[in-house]
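Here is a friendly walk through one protein structure, with a few spots picked out along the way. Have the sequence and the 3D view at hand as you read.

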Amino acid sequence: MALTDTAGQWLAQAVWIYYCLGLPFLSHFEGITAQIRYSTQEELKLGSVVGNVAKDLGLDLGRLADRNLRVVSGTKHDLFKVNQRDGVLFVNLRVDREELCGKTIPCVTNLKAVVENPLEMHQVIVEILDVNDNLPKFPEENCTLEVLESAIVGSRFQIEGAHDLDVALNSLQSYKLNHNQYFRLETEEFGDDGKVPFLILQRALDREQIAQHYLLLTATDGGKPSKSGTINITVNLSDVNDNPPACDKQKYTATIKENTPAGTLLLTVTASDPDEGVNSNIEYSLRGKIRGLRSQPFDLDSKTGQLTVKEGLDYEEKQVYEMKVLAADQGVVSLSTHCNVVVRVEDVNDNSPEIDITSLSSRIPEDAAPGTVVALMGVTDLDSGVNGQVVCSVPGQLPFDLKASPDGQSYSLVTTSNLDKEIAQTYDILVTAKDLGNPALSSTKVIQVEVLDVNDNSPRFTESPYTFYVTENNKAGMSVFSVSAADDDGPENAAVTYSFNRSPAPTATSFLNINEDNGAIYALKSFDFETLKTFQFQVVATDSGTPSLSSNVTVNVFILDQNDNAPVILYPVSSNGSAEGVEEIPRNVNAGHLVTKVRAYDADIGYNGWLLFSLQEVSDHSLFGLDRYTGRIRTLRSFTETDEAEHKLVILVKDNGNVSLSATATVIVKVVEPKEAFAASDVQSSATDEEENNVTLYLMITLGSVSVLFLISIIVLIAMQCSKSTDYTSKYLPETNYDGTMCHSIQYRSGDKRYMLVGPRMSVGSTIVPGSQANTLVLPDRRETSGEVRA
């Protein structure tokens, strides 16, 4: 019950609560479970309390916000709203009883209170009580009445009455005429117009004494305090045409269907006048407008009195038209009378049903139990009788069904079986509302329901295993590669996070870090091919479901060599560690004599470890030549008597990297006489042989180690390539032409491209293709031949 302050008085509003079902709180919606009735006055201030819906329904105020309490009116304007915090129903918009219901008593508006968790619907009826906010009002402020002076005592003159929009006691109750000697007042009841005033002549008139009479007619309603309206009546007396027209019938009636076309004849109003001549010629006209309509839906022929349909009628807008036809003669002083006309409209099935979704749970988990409520809806049809009775249905092949409320005006959409997201992710449910008219009309509305996924799919990596190639000397802290996994579940379960599997051996992951959001893997240190050539670890992808699911993948990483090691001179090396040596040769040696061999080593592999020798400085260019690939220094001609006895040769050793690195060695060649050479040879032979043997042993160990490591890498790479499912076959071809020394390679063909895996020995002229794996080269068509570099 709500109390409001109106005109200084507190008016109690009656609240009636009717429970239609004994169990209002069911786990599934079973229709309208309770009915509440409130009454409130019109024209209350916005926010005025009507009642407490939550309290009257017995709802738990503590859970009110979670249950999403709301009221649905089914109209364009929400006159009332409910406070979701305390369940108070209050006035939301201006409430005008006359605008809502006109003369209808009682004036009620139907609301539906909806709560969720579980879904329930309750009917709320609010009765709008009338207040005396409208005063009686005449159609015009002034009225002129033409009366023959020969009118006999008792003659009745009808005055168009006042109208009061209020109802019951607040409506028009009485008329009062100002005191005069000639006229008194009588009233009669007439349909919707209520009391109709008549002036009764109570004394013979004499125009020669008084030509005009001025009367004041007051209409008063029954409100407290009462309100009134007035009209000034001027009575003009005439000497002629003393007979007014008279209607042939007291009331003319007609019944038509609302779809009657314009121009259809309804009836003919006929009035007669006993006068003769122009005083008996009658002209007909419609008086006043029909209340509630902007325009007149009928036409009246002024000469014949034929009433026809002017425009389309609508039974839902108005069912009965009550009109007054003025029949006036053509006398100098025109006399008239009012003929009452009533037109009743019959309903036809011209309105399709309307579906109003009042509550919708558009996302349903696939493990929802059968009978779960998906939506609540109301159906309305503005037609009446069987034309307004509606039946709703959904397609039978869908796992959904409709349950009707007892009054047949509300439906609940429920599931009939278990849902499966793998079969259907969404359902477009076509709800059809069809009335029982003939022919029947229908309307449809599509309700889209999304099936929510449960976490039943583990993340799946795009590759398994992953193989990555990383160039050494990478920048620490930068991303070197990334992994990616996808989850077939819905978005809430498919968010994947990445981590390392740190058991049982977390060695590799100690110098790596992974972005848990996108799978990017960062190197915490710079890799060195010479110390670490390959490593392996596992990445775990975990989804965001509850409970979460995960999967892992093995990642194989191969380090690619860069040219970061300069050549190291192995011979000649002096006692102090500098690359400098002295060689003695006899003067009588022939051209092509081997003076010495410069030996060098580069820790890099491939092109980066392939060394080339060149003479950077020489005292006599015609005497000595240097093999660019082997480092052997030979004489180009025989010595003459004029040649110097000592020659200095500076040999430049550089690798074949993109940015070449180099080292230099100095060889001092002393030319001696043959006897001296043999003597020196005897003294130094043992030491030289021992030194050469040691250098050769070291070189063999180094080259053997590099070759074994590279062979292991090649075997691992071939095994991994063979384990993958590819759409091509590799054909390994032997390479027969090796240019230079310390090079070897394995070639294979894929499609129309030829590839070569290059080790310490490689083919001259091969070029590294950007993006190629490991030390893979693409062989061009041209080949260069090795040759001897002459200084």
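Over the ring of which residue does the charged end of Lys525 sit? That ring belongs to Phe511, and the charged end of Lys525 is 4.5 Å from its centre. For a charge to sit over a ring, NZ of Lys or CZ of Arg has to be within 6 Å of the ring centre and within 35 degrees of the ring normal. Arg599 does this too, lying over the face of Tyr571 at 5.8 Å from the ring centre.

A quick note before going on: this is a predicted model, where local features need pLDDT of at least 70 and side-chain atom pairs count only at pLDDT 80 or more, while totals for chains, interfaces and linings use all residues. Residues are numbered from 1 along each chain as its sequence is written, and side-chain values use heavy atoms, with hydrogens and water left out.

Now for the aromatic rings. The structure holds 17 aromatic pairs. Rings of Phe, Tyr and Trp (its six-membered ring) pair if their centres lie within 6.5 Å; planes under 30 degrees apart make a stacked pair, over 60 an edge-to-face one, and the rest are tilted. Here are two of the pairs:

| Pair | Centre to centre | Angle between planes | Type |
|---|---|---|---|
| Tyr469 and Phe558 | 5.5 Å | 20° | stacked |
| Tyr607 and Trp610 | 6.1 Å | 35° | tilted |

Strands here are DSSP runs (E, at least two residues), numbered from the N terminus. Both Tyr469 and Phe558 are buried. Buried means under 20% relative accessible area, exposed means over 50%, and partly exposed is in between (1.4 Å probe, protein chains only). Tyr607 is buried as well, with a relative accessible area of 11%, and Trp610 is buried at 3%. There is also an aromatic cluster, whose members include Phe461, Tyr466, Phe500 and Phe511.

Next, a look at a sheet. Three strands form an open sheet in the order β12-β15-β14, with antiparallel pairing. Two strands pair if DSSP finds at least two bridges between them. At the edges are β12 (156-158) and β14 (183-189), each pairing on one side only. β14 and strand β15 (residues 195-201) pair in the antiparallel sense over seven bridges. Leu185 has Leu199 in β15 as its bridge partner.

Finally, two single residues. Val431 is found in strand β33 (residues 426-435). Is Val431 buried or exposed? At 0% relative accessibility, Val431 counts as buried. Leaving aside neighbours within four places in sequence, Val431 is in contact (heavy atoms within 4.5 Å) with several residues, among them Ile355, Met377, Leu402 and Ile447. Val431 and Ile447 are 16 residues apart along the chain, and their C-alpha atoms are separated by 7.4 Å.

Gln538 has its place in strand β42 (residues 534-542) and counts as partly exposed, at 27% relative accessibility. Its side chain makes a polar contact with the side chain of Asn501 (2.8 Å), and another polar contact, of 3.5 Å, joins the side chains of Gln538 and Thr554. A polar contact is a pair of N or O atoms within 3.5 Å; within protein, one must be able to donate a hydrogen and the other to accept it, and residues adjacent in sequence count only if both atoms are side-chain atoms.

Notes
Helix = DSSP H or I, 4+ residues; strand = E, 2+ residues; numbered from the N terminus.
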